[in-house]
Amino acid sequence: MVQRKKGRIVRAARRAVIFDFDGTISDSFDYVFDFLRTEAGNTHDFTEGERKQLREMSMKRLALHLGVRPWRLASIYFKGRRVMRAHMEHVKPFPGMDEVLKQLYAEGYELYVASANSGKNIRHLLKSQGIAGYFKAVRGGSGFMGKSTLIRQIMLRYRLQARSTWYVGDETGDVVAAALAGVRCLAVGWGFADPEKLKQVDPAAFADRPADIPKLLDASWKK
């Protein structure tokens with residue numbers, strides 16, 4: 001994208017959005033809940049109200065709450081990623097997310113994914129839902145490296161500028177990862193976190209619903 005300024009051609013900064021996956025693009029709570037409950041040997045019959053409250057927990061907190069031993073967290077994390085591949089057909093994007101991605105792509109935003117989930121799982125869902133073509137690259141499996149490392153790798157590989165790059169995520173850790181990578185975080189209120197607690201860690205912007213994302217991004221660009 002180029003602009004003319006006082007007779008000079010100025011190349012405008014490319015606008016980029018890096019998305020988290022689970023809890024941001026994909027509604028994977030039911031899978032994660034059932035997997036962790038089975039691993040913990042938890043036989044409690046949870047009501048819909050209880051499940052709704054559990055949705056506001058981070059994955060780590062949810063695992064511990066259901067009874068997973070702290071020393072098993074790492075192994076269960078890797079097992080969950082592997083087992084999830086056989087259940088991706090049951091995981092869907094949050095309502096409205098496909099339209100948001102299509103809109104951002106049409107408006108010229110470069111879209112990426114940086115997630116703790118495996119790249120193979122992510123690409124499978126994106127392809128099955130017909131939205132893989134909106135993304136320039138997917139980086140998965142952050143593991144113990146942390147999402148900030150994946151965000152930096154994407155920025156370095158694709159020569160993105162921090163001032164024109166956003167990270168969109170649903171957990172307090174996503175806000176921290178974005179800050180460590182030097183980019184702004186747009187937090188979303190429909191994933192694995194209590195929205196009020198998420199707001200308390202001061203993301204640069206907060207979306208209550210998917211349709212808010214393009215509006216917030218466009219508003220920030222015009223400032």
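Colleague: Which residues form one aromatic cluster?

Modeller: The cluster is made up of F29, F33, F46 and F192, and please keep in mind that this is a predicted model. A search of the whole structure finds 7 aromatic pairs.

Colleague: Why is the pair of Y112 and Y158 called tilted?

Modeller: The ring centres are 5.2 Å apart, and rings pair if their centres lie within 6.5 Å, so Y112 and Y158 count as a pair. Their planes stand at 50°, whereas stacked would need under 30 degrees and edge-to-face over 60, so the pair is tilted. The two residues come from distant parts of the chain, 46 residues apart, with Y112 in strand β6 and Y158 in the loop between α7 and β8.

Colleague: Are Y112 and Y158 buried or exposed, and how do you know?

Modeller: Buried means under 20% relative accessible area; Y112 has 0% and Y158 has 15%, so both residues count as buried.

Colleague: What makes you say that R157 lies over the face of Y158?

Modeller: The distance from R157 to the ring centre of Y158 is 4.8 Å, and the cut-off for a charge over a ring is within 6 Å of the centre, together with a limit of within 35 degrees of the ring normal. The charged end of K199 likewise sits over the ring of F206, at 4.8 Å from its centre.

Colleague: What makes β7 and β10 the edge strands of the sheet?

Modeller: The open sheet has 6 strands in the order β7-β6-β3-β8-β9-β10, with parallel pairing, and β7 and β10 each pair on one side only. Y167 stands opposite C185 in β9, while helix α8 lies across β8 and β9, running at about 170° to β9.

Colleague: Why is S220 called buried, and what does its side chain reach?

Modeller: S220, which lies in helix α10, has a relative accessible area of 12%, and because buried means under 20%, S220 is placed in that class.

Key: Residues numbered from 1 in each chain as written. Predicted model: local features only at pLDDT ≥ 70, side-chain atom pairs only at ≥ 80, totals over all residues. Heavy atoms only, no water. Phe/Tyr/Trp six-rings, centres within 6.5 Å; stacked < 30°, edge-to-face > 60°. Helix = DSSP H or I, 4+ residues; strand = E, 2+ residues; numbered from the N terminus. Buried < 20%, exposed > 50% of the residue type's maximum accessible area, 1.4 Å probe, protein only. Pairing = 2+ DSSP bridges. Contact = heavy atoms within 4.5 Å. Axes fitted to C-alpha atoms, helices over the stretch in contact; angles between N-to-C directions.
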